[in-house]
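Here's a quick tour for anyone meeting this structure for the first time. Have a look at the model, then read on for the main points.

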Amino acid sequence: MISLIAKAGIAALITLGAISATAATASANDFSAGVHQARYDHHRGRACSPIAAVQKARAMGLRRAHIGNITPRRVVVDGFSRRGPDRIVFANAPGCPLIRR
C-alpha cells in the first residue's frame with residue numbers, strides 16, 4: 001500500500017514538472033514574439049513616410065512623382081501618368097494604404 005502511494009506521488013510530481021516547464025516555454029515564446037513585434041513597429045513608423053508614398057506611387061506607374069500635400073490624415077503624391085497630370089492620395093497610416101487615384 002505504501003509503494004502505491006509513493007508511485008502516485010512520484011507520478012504527480014512528474015506531471016506538475018511537465019506542466020510548469022510547458023508554461024514557462026510558452027511564456028518565453030510569447031515574450032520574445034512581442035519584443036520582435038515592438039521592434040518591427042518601431043522601425044516601420046506610425047505614419048506613411050513621404051519617401052514610401054513616392055515609391056509606392058512610382059510602382060503604380062506615376063512618373064516624376066513628388067509630394068503634393070501632407071496632412072494628418074493623407075499624403076498626396078502628384079506626377080504624370082500616360083494620360084497626363086495625375087494625383088494619388090494615400091492614407092497617412094503605416095503601409096500607405098490607397099485612398100484615391
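Let's start with Arg-64, which is exposed because its relative accessible area is 68%. Keep in mind that this is a predicted model. Arg-64 sits in strand β1, which covers residues 63-70, and its phi is near 50 degrees, a positive value in a residue other than glycine.

**The overall layout**

- The protein chain has two helices and four strands.
- Reading from the N terminus, you go through the elements in the order α-α-β-β-β-β.
- Of the 101 residues in the protein chain, 20% are buried.
- The protein chain exposes about 7,700 Å², and 62% of that comes from carbon and sulfur atoms.
- Take the contacts between residues at least 6 apart in sequence: 29% of them join residues at least 24 apart.

- Arg-83 belongs to the loop between β2 (74-81) and β3 (84-91).
- Is Arg-83 buried or exposed? Arg-83 counts as exposed, because its relative accessibility is 76%.

**Pro-85, a residue in β3**

- Pro-85 is found in strand β3, and with 71% relative accessibility it counts as exposed.
- Leaving out neighbours within four places in sequence, Pro-85 is in contact with Gly-79 and Phe-80.
- Pro-85 and Arg-64 are 21 residues apart in sequence, and their C-alpha atoms are 9.9 Å apart in space.

**The salt bridges**

- As a bit of background, side chains with opposite charges can pair when their charged atoms come close.
- How many salt bridges does a search of the whole structure find? The search finds two.
- One of them joins the side chains of Asp-78 and Arg-87, with 3.0 Å from N to O.
- In that pair, Asp-78 counts as buried because its relative accessibility is 16%, while Arg-87 is partly exposed, with a relative accessible area of 49%.
- Asp-86 forms a salt bridge with Arg-101, and here the closest N and O atoms are 3.7 Å apart.
- Asp-86 lies in strand β3 and Arg-101 in the segment after β4 (98-100), so this pair ties together parts that are 15 residues apart in sequence.
- Arg-101 is partly exposed, with a relative accessible area of 43%.

**A closer look at Asp-86**

- Why does Asp-86 count as buried? Its relative accessibility is 19%, and buried means under 20%.
- Setting aside residues up to four places away in sequence, Asp-86 touches Leu-62, Val-77, Asp-78, Gly-79, Phe-80, Ser-81 and Arg-101.
- That list includes Arg-101, the salt-bridge partner of Asp-86, as well as Asp-78, which has its own salt bridge with Arg-87.

**Another positive phi**

- Cys-96 has a positive phi of about 50 degrees, although it is not a glycine.
- Where does Cys-96 sit? Cys-96 is in the loop between β3 and β4.
- Cys-96 counts as buried because its relative accessibility is 4%, whereas Arg-64, with its own positive phi, is exposed.

Methods. Residues numbered from 1 in each chain as written. Predicted model: local features only at pLDDT ≥ 70, side-chain atom pairs only at ≥ 80, totals over all residues. Heavy atoms only, no water. Buried < 20%, exposed > 50% of the residue type's maximum accessible area, 1.4 Å probe, protein only. Contact = heavy atoms within 4.5 Å. Areas by Shrake-Rupley, 256 points an atom, 1.4 Å probe, with all protein chains shown as cover. Salt bridge = Lys/Arg side-chain N within 4 Å of Asp/Glu carboxyl O.
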